[in-house]
Amino acid sequence: MLSYQHIYHAGNLADVQKHALLAWMLHYMVQKPKPLTYIETHAGRGLYQLNALEAIKTGESAAGIGIASPWFESEHPYYRAIETVRGLHGEAAYPGSPALAAGTLRAEDRIVLSELHPKECAALRVTMRDFGAKIFQNDGFKIALDLCPPTPRRGLILIDPSYEIKMDYALIPDFVKRLNRRWNVGVIALWYPILRDETHIHMLKALEALGLPNIFRHEVNFPPVRDGHRMVGSGMFIVNAPFGIAEEASRLSGHFAKLAG
């Protein structure tokens, strides 16, 4: 499906959870001198302007990073990534995960991104032109399996589909299983939406039954951004979770709990 464009949802509360945890993990991983590979299966355009008509129309960024910015101290890697992007692209700019990763990774690290949507992929190439990223306009699931295990072998993959293709829920457990078999040292970070109809539950049960190593699961709930909006939360399922992430996730949960209250 090529109808999905993340600009309508960029900077929402799901992005806050996902990007805060991603930024924390990457910052933790680059503290070690060994190079790493960063992979994304569904990269989007990588950089968003939250004053675009699409973003204003949904109001999701105003109800997301617009209220969550004070949650992060100036030294937090997520805060630093946002400030860096705003310094380069204006106060309305917001980093998608590719730009966030590029601002955290080092020259010796490798970035591999997939984005199937032609318009989004073209914009992604512009966003990442100065970072030496390898970009594929292709099925991100296929590219990830073809690539893994990558070189450098140490690294992290973000799996972040739109879930507009309902088969994703059924296919992802087997994909994660195969990915872990090929890349047993890789950190696998899967984002998923929490919808009113709890579509994600069967997927998570299947994932947890796989016996994958060092699993960490984090979920937050928040009020729907508008009447009739189906998403009421956000989740991350992480394999080979980095040490210390539970503390960062707990801190985030405290902030989200105040919204739900």
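**Entry 1: His89**

I started with His89, which sits in helix H4. I noted at the outset that this is a predicted model. Is His89 buried, partly exposed or exposed? I found a relative accessible area of 40% for His89, so it is partly exposed. The cut-offs matter here, because buried means under 20% and exposed means over 50%.

Next I asked which residues His89 is in contact with, leaving aside neighbours within four places in sequence. I wrote down Leu47 and Gln49. I then looked up the spacing to Leu47. His89 and Leu47 are 42 residues apart along the chain. Their C-alpha atoms are separated by 9.2 Å.

**Entry 2: the second largest pocket**

His89 turned up again when I opened the second largest pocket. His89 is among the residues that lie nearest the centre of that pocket, together with Val85, Leu88, Ala99 and Phe131. In total, 22 residues line the pocket. I noted a space of about 480 Å³ for it.

Which helices each supply at least two residues of this lining? My list reads H4 (77–89), H5 and H6 (118–127). Which helix gives the most? That is H4, with seven residues.

I also sorted the lining by class. Twelve of the residues are nonpolar. Six are polar and four are charged.

**Entry 3: helix H5**

How many of the eight residues of H5 are buried? I counted seven, so H5 is largely enclosed by the rest of the structure. The buried ones are Ser97, Pro98, Ala99, Leu100, Ala101, Ala102 and Thr104.

An α-helix has 3.6 residues a turn, so residues three or four places apart point the same way.

**Entry 4: Ala107**

I moved along to Ala107. Ala107 lies in the loop between H5 (97–104) and strand S4 (110–114). Is Ala107 buried or exposed? Its relative accessibility is 83%, so I marked Ala107 as exposed. I then checked Ala107 against Gly132. These two are 25 residues apart in sequence. In space they are 8.9 Å apart, C-alpha to C-alpha.

**Entry 5: Thr37**

Thr37 belongs to strand S1, residues 37–40. I found a relative accessible area of 0% for Thr37, so it counts as buried.

What does the side chain of Thr37 reach? It reaches the backbone oxygen of Pro152, at 2.7 Å. Setting aside neighbours within four places in sequence, I listed the contacts of Thr37. They are Arg110, Pro150, Thr151, Pro152, Arg154, Gly155, Leu156 and Trp183.

**Entry 6: two cis peptide bonds**

I placed Pro152 in the loop between H7 and S6. The peptide bond from Thr151 to Pro152 is cis, with omega near 0°.

Cys121 is in no disulfide, and the nearest cysteine sulfur to it is that of Cys148, 19 Å away. The cut-off for a disulfide is within 2.5 Å.

Are these cysteines buried or exposed? Cys121 has 1% relative accessibility, so I marked it as buried. Cys148 is at 6%, so Cys148 is buried too.

**Entry 7: positive phi**

Last, I looked up backbone angles. Glu198 has a positive phi of about 55°, although Glu198 is not a glycine. I located Glu198 in the loop between strand S7 (187–195) and helix H9 (201–208).

Asn214 is not a glycine either, and its phi is positive at about 50°. Where is Asn214? I found Asn214 in the loop between H9 and strand S8 (216–221). With a relative accessible area of 48%, Asn214 is partly exposed.

Methods
Residues are numbered from 1 along each chain as its sequence is written. This is a predicted model: local features need pLDDT of at least 70, side-chain atom pairs count only at pLDDT 80 or more; totals for chains, interfaces and linings use all residues. Side-chain values use heavy atoms; hydrogens and water are left out. Helices (H or I, at least four residues) and strands (E, at least two) are DSSP runs, numbered from the N terminus. Buried means under 20% relative accessible area, exposed over 50%, partly exposed in between (1.4 Å probe, protein chains only). A polar contact is a pair of N or O atoms within 3.5 Å; within protein, one must be able to donate a hydrogen and the other to accept it, and residues adjacent in sequence count only if both atoms are side-chain atoms. Contact means heavy atoms within 4.5 Å. On a 1 Å grid over the protein atoms alone, a cavity is a set of points where a 1.4 Å probe fits but cannot get out, and a pocket is an open set with protein on both sides within 12 Å along at least five of seven lines; lining residues have an atom within 4 Å of a point. Grid points are joined across faces, edges and corners, and a volume is the space filled by probe spheres set on the points. Ala, Val, Leu, Ile, Met, Phe, Trp, Tyr, Cys and Pro count as nonpolar, Asp, Glu, Lys and Arg as charged, and the others, Gly among them, as polar.
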